[in-house]
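Morning, everyone. I have one structure to walk through today. Please take a look before I start.

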Amino acid sequence: MIDLFDTAARAAGALAVEVRGDALRLEGDAARHGLGAVQASQRFTELAACAAPGDRSLLSALSDPARIDARVRLIGEDGRLRYVRLIGGPEEGGIWRGLILPAGASPDGGLAALDLETALRQALKDGAVIAHHQPVIALVDRRLAGFEALARWERPDGSALGPDVFMGVAADHGLIGAIGDAVRSCAARDASAWRIARPDAKTLFVAANATASELCAPDFADRLIDEVRNAGLPAHAFKLEISETEVMRDPDAAEAAMKALRKAGFSLVLDDFGTGYSSLSRLDRFPFDTVKIDQYFTRLAETDPSARTIISGVVRIARSYAMTIVAEGIETPAAAELCTELGCDYGQGFRYAQALTPEDAADAVVSGIEGRFGAA
Ligand code: C2E
Ligand code: MG
Ligand code: MG
């Protein structure tokens, strides 16, 4: 049927596809892709109906006058999700020809992942993915210094899901940027509101996370600068956190975006430091002004002398680069004391508070958190 469909493609489990108008022909072992019913029905619209919601537009690209080469998720007759590669292009006479090849593993729990993905897309549309804010404390005087904005998916029952539940699915389906945009937008807006609610809260900062891939997108820095400006927040009150393990992936693009942000007045935080085996001097090319010591070391500090040695080493080197130091994951008063003694400037952790809803964070700005720390 199709010239492309040679022995090698057949051996690889490929299906030949031909689309004429709405008529679809598949050749090969369609059952292997869970597509037996589609083959029998021979309607293109039924192939599209088998695709996961986010991929339907990819299949409609079959009618575009261009070649496509796309990873598409199909739901087989057994209800399991399959990743396939759809490759081919238009031929004369309004015919489209190509191949469906297996692409990657079809994970167990595919349908559950698909449900989660569909619900997450809807939550993003509905504005249900927002920032909760974890207090950051100035260790020397236990003053509330700022907050880290962390992604939370608010559920109709009032509970909130953390990134551990949805970041994996978000990463698989290209939703990290949409989540990050939503969280950074909430962060800028909420921080601006705190400053209006309490004029002496003008020293408060808000920090939010971005992946290195987001940072390296060509318009990222400009969009963030606009977002923060439009929220009425001064750039110096916004800190962008980038994880150590990621920053070296595309160092040139990362460096350019960081320089643009620093020039606009933003602060840049090297997050989770100590987990990625890089030395601060290797990271010297990036204009970070703050380093966040990973909670792994903070939590060990009370019991493990080598964790304390690592923390004081990081503090010494960070100081020589004139960087501010934050200890993450402070869970006990003793850990807070140790981190203060070892020279950390700020602390963040359950000893002070978990991430607070925007309403509770606004209350904390005005009245502090009873028995733990005073408000700014
Ligand atoms: P992170 O940026 O290092 O944030 C700190 C994480 O440690 C948060 O987890 C926080 O709740 C948790 N944590 C803080 N203090 C303590 C403590 O004393 N003990 C323990 N056990 N944990 C503590 P969370 O909110 O689950 O976030 C996990 C990670 O997800 C974040 O790590 C960050 O890498 C990522 N993330 C969160 N929000 C976003 C976002 O908007 N965009 C991106 N790209 N990543 C995000
Ligand atoms: Mg962070
Ligand atoms: Mg961290």
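This is a predicted model: local features need pLDDT of at least 70, side-chain atom pairs count only at pLDDT 80 or more; totals for chains, interfaces and linings use all residues.

The cut-off for buried is under 20%. N209 comes out at 28% relative accessibility, so N209 counts as partly exposed.

Which residue bridges the magnesium ion (ligand 2) and the magnesium ion (ligand 3)? That is D271. The two ions lie 4.0 Å apart.

On to backbone angles. D272 lies in strand β11, residues 267-273. Phi of D272 is near 55 degrees, which is positive, and D272 is not a glycine. A322 also has phi near 55 degrees, again a positive value in a residue other than glycine. Where does A322 sit? In the loop between α12, 305-320, and β13, 324-328. A322 is exposed, because its relative accessible area is 65% and the cut-off for exposed is over 50%.

Next, helix packing. Two packed helices are described by the angle between their axes and the distance between the axes.

I'll take helix α9, which spans residues 220-230. One partner of α9 is helix α7, residues 176-197. Their axes come within 9 Å and cross at roughly 30 degrees. Angles under 35 degrees count as roughly parallel, so α7 and α9 are roughly parallel to each other. The crossing of α7 and α9 is right-handed. Which residues meet? From α7, it is D181, R184, S185 and A188. From α9, it is F220, R223, L224, E227 and V228.

Another partner of α9 is helix α10, residues 251-263. The axes of α9 and α10 come within 9 Å and cross at roughly 25 degrees. That makes α9 roughly parallel to α10. Here, too, the crossing is right-handed. On the α9 side the contacts come from F220, A221, L224 and I225. On the α10 side they come from A257, A260 and L261. Note F220 and L224: they meet residues of α7, and they meet residues of α10.

Stay on α9 for one residue, R229. Is R229 buried or exposed? Exposed, because its relative accessible area is 55%. What does its side chain touch? The R229 side chain makes a polar contact with the side chain of D226, at 3.2 Å. Now look at R189. R189 and R229 are 40 residues apart along the chain, and their C-alpha atoms are separated by 9.9 Å.

Last, the whole chain. How many helices and strands does the protein have? There are 14 helices and 14 strands. Of the 376 residues, 50% count as buried. Then the contacts. Take those with a sequence separation of 6 or more: residues 24 or more positions apart account for 58% of them.

That's my tour. Over to you for questions.

Conventions. Residues are numbered from 1 along each chain as its sequence is written. Chains are lettered from A and ligands numbered from 1 in the order in which they are written. Side-chain values use heavy atoms; hydrogens and water are left out. Helices (H or I, at least four residues) and strands (E, at least two) are DSSP runs, numbered from the N terminus. Buried means under 20% relative accessible area, exposed over 50%, partly exposed in between (1.4 Å probe, protein chains only). A polar contact is a pair of N or O atoms within 3.5 Å; within protein, one must be able to donate a hydrogen and the other to accept it, and residues adjacent in sequence count only if both atoms are side-chain atoms. Donors are N, O and S atoms within 2.8 Å of the metal (3.2 Å for Na, K and Ca); water is not among the atoms, so sites may look incomplete. Axes are lines fitted to C-alpha atoms, for helices over the stretch in contact, and angles run from 0 to 180 degrees between N-to-C directions. Angles under 35 degrees count as roughly parallel, over 145 as roughly antiparallel, 65 to 115 as roughly perpendicular and the rest as oblique. A crossing is left-handed if the near helix is turned anticlockwise from the far one by less than a right angle, and right-handed if clockwise. Contact means heavy atoms within 4.5 Å.
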